[in-house]
Every structure is written in structure tokens, then in C-alpha cells.
Amino acid sequence: MSVIRSVVTGVGAYLPPKVVTNEDLAKFVDTSDEWIVERTGIRQRHQAADDQPVSDLAFEAAKEALEAAGKTAADVDLIIVATTTADLTFPAVATIVQRKLGAPVGIAFDVQAVCSGFVYALSVADGFVARGHAKCALVIGAETMTRLMDWSDRGTCVLFGDGAGAIVLEPGEGQGTTDDQGMLGFALRADGTKQDLLYVDGGVSTTGTVGKLRMLGNQVFKHAVVNISEAIHSAAANAGVEVADVDWFIPHQANQRILAGVAHRCGIDEEKVISTVAIHANTSAASIPLAFAHGVKDGRIKKGDLLLLEAMGGGLTWGACVLRL
Ligand code: ACO
């Protein structure tokens, strides 16, 4: 049976030039390179310049993804940006990126699911593309998480960084089998009762301020491995594949111990895990496309590979996606 799938045809990434190492942080935060590396695997993070809004990061990643797909801005008819650190309360970052790219009038909006944002955005874009409502979609994860840091809270400020990643999705004809290129299965989850574990203590309709990120890290950690593993198995079942069939596991890059714990629980070989947390820390919604682009650029991830994406973040929200490149 012939079906329309949404197929990834290009990936791109952007990290702002400023690098902040663990040693740099230890100069003004009561921490050490040893503690951060041992507990998280993080060695450095990138930080956007003061005059660099998140739309600039998204724009750079989008340009690279379009080039990789052999497309131009003129082709783009859908832009979805997953972000929790927008330039302005409105308009959406997606419409700012549309303007910066010079893309024609089309559909553009943001998705807010914190670190799970990219997986959520991908499933929304899949709906548009696979139903014939978009022919060239940009799905972008972009964040300036360092703007949300309380630099006196060592339990959070060492964990996050800034960056952006993007993919281009186009319709492709498949046979309705797991050999098809494109999105094969999703599992999305949210549990609003766990808000207090991870949130920002400000907002438009409460304090009128941006606020700072607050996290009970060890409690989030406890939920992470169990919840993500369940979503992975559900996404694989929805796709009709076995987790063991996956060629590359591209997790949200929050903490090396979570990555390893999820891989271990799901029986995924360590060599199949794309890990970039050491070089850019937790970039929230940007981390999956950043790791994706990294794996493509270094030649590990190839056309035809079966990929497993997963994330968990504030909300709590979490989810997983299985696709064939
Ligand atoms: N440097 C040195 N010591 C520190 C630091 C630091 N940066 N941060 C905390 N500590 C200390 C604590 O004060 C505590 O000291 P105490 O024993 O004297 O009280 C000790 O280290 C242990 O603290 P824990 O919080 O229990 O440490 P844990 O091993 O849990 O590691 C971490 C903390 C890294 C935050 C971990 O819990 C984690 O990664 N959690 C999950 C984070 C995550 O994935 N979040 C979801 C995505 S983010 C999003 O959605 C926006």
C-alpha cells in the first residue's frame, strides 16, 4: 500500500562561538571540572552573545539544513521552532526565522515542550507533511538556556548551554512498511503533576518577569530513565520495529548518566549512542538536532539507517520517535 511519509532530507546545526568550560565556571561558581564531568559528562557549553537572540541561532541552523537538503528559503512552506527561550513573548520565533530567511508566506509557529520540544515539533510537522499540507518543512530546535540560569545555583547553572539544530522534512512515497524512509512511529507523554520538579519561576501572566530555571535534579533523574524507556518501547511498537533493530540512538543530551541508563535499560549497545553532551551540555530542544547533525557530519549516520530519538523535560514532558533516514 502506497503511503506518504515525511522524510528527513537535510540536517543543520549552529553553536555560538563563545565556549565556556567547566574551569571557566569554577572561577565564579562553587564547583569543579571533576564534579561536573563525573556527574554529567559535560566538559563545556556554548553561550550566545548578548546581542544574539535565539532566532539568530535558529536561522543559522536552518540555512545549513536547507543547503544539505538542496533547498532554498523560497521552497519553505512550514516552519516550526521548538523553543522555551523565545526572542520576544510574541511573535513566534518561527515567524522571525521566516523573515530572516526571506521565506514566502506560509505556516510558521512555535512549540513549547521544553527539552521534549523537538520530538513534539517533529510529530506536529509529520502531521502537516504526511497529510499533504506542507512540501518543505523546517523543524528547528533552538535555545538560549544560559539566559534562564541563576548563576548562584550550582545545581543547575553548570548543566545548560545555547545552540540550535534544524532538519528539513519533505514528503516521500513509501510502501507502508518499516523499510520506508521517513517518520515511522511516535510516543508523546506529559504529566503536569510533576511541574515542581523542573520549571521557570517567572512568566508573562504571573510575575511579569522572565524568571530563572529551578530543578530538583535528583528527582528528575529518577523519573527520566523509567519514563523515557517506556516511551521508547511504545514508539518502537507504534513503528512496528524492535528497539534492537535501531542503528543509531539520538537522545536528548541532558546528562551522560541518563543517556547510558536509558540505553542500558532498553538493551541498546553503547556504540549506537550519539553523545554530544560533553561539548554543548543541555541545550534543551536544540540538543537532539545538534546531536543528529553531529552524527551525520562525522559519517556515522547514513541514509537508510533506523534512528531512535527521545527526550524528557519540564512539564514534565517526554517522548520518543522512530524514523528511517
Ligand atoms: N558542583 C559541585 N557540587 C554540586 C554541584 C556542582 N555544580 N551541584 C550540586 N552539588 C552538590 C550538592 O549540593 C550535593 O551536595 P551535598 O551532598 O553536600 O548536599 C551533592 O552535590 C549531590 O547533589 P545531587 O543533586 O544529589 O547530585 P546528583 O548526583 O543528582 O547530580 C544532577 C545532579 C547532575 C543535576 C543530576 O541530578 C541530573 O542530571 N538530573 C537530571 C537533569 C535533567 O535531565 N533534567 C531534565 C532536562 S532539563 C529541561 O527539561 C529544561
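Tutor: Ser284 sits in the loop between H9 and H10. Helices (H or I, at least four residues) and strands (E, at least two) are DSSP runs, numbered from the N terminus. This is a predicted model: local features need pLDDT of at least 70, side-chain atom pairs count only at pLDDT 80 or more, and totals for chains, interfaces and linings use all residues. Residues are numbered from 1 along each chain as its sequence is written, and side-chain values use heavy atoms, leaving out hydrogens and water.

Student: What is the phi of Ser284? Is Ser284 buried or exposed?

Tutor: Phi is positive, about 50 degrees, although Ser284 is not a glycine. Buried means under 20% relative accessible area, exposed over 50%, partly exposed in between (1.4 Å probe, protein chains only). Ser284 is buried, at 1%. Ala281 lies in the loop between helix H9 (277-280) and helix H10 (287-297). Ala281 has a positive phi of about 60 degrees and is buried at 0% relative accessibility.

Student: How do I read a nonpolar core, and which residues touch the most other members of the largest one?

Tutor: A nonpolar core is a set of buried Ala, Val, Leu, Ile, Met, Phe, Trp, Tyr and Cys residues joined through side-chain atoms within 4.5 Å. Here the largest has 46 residues; Ile232, Phe249, Val262 and Val322 touch the most other members.

Student: Where does this core lie relative to domain 1 and domain 2?

Tutor: Domain bounds come from an automatic or database domain assignment. Domain 1 (3-174) and domain 2 (182-324) both give residues, so the core lies between them.

Student: Which residues does the cis peptide bond with omega of about -10 degrees join?

Tutor: Gly315 and Leu316.
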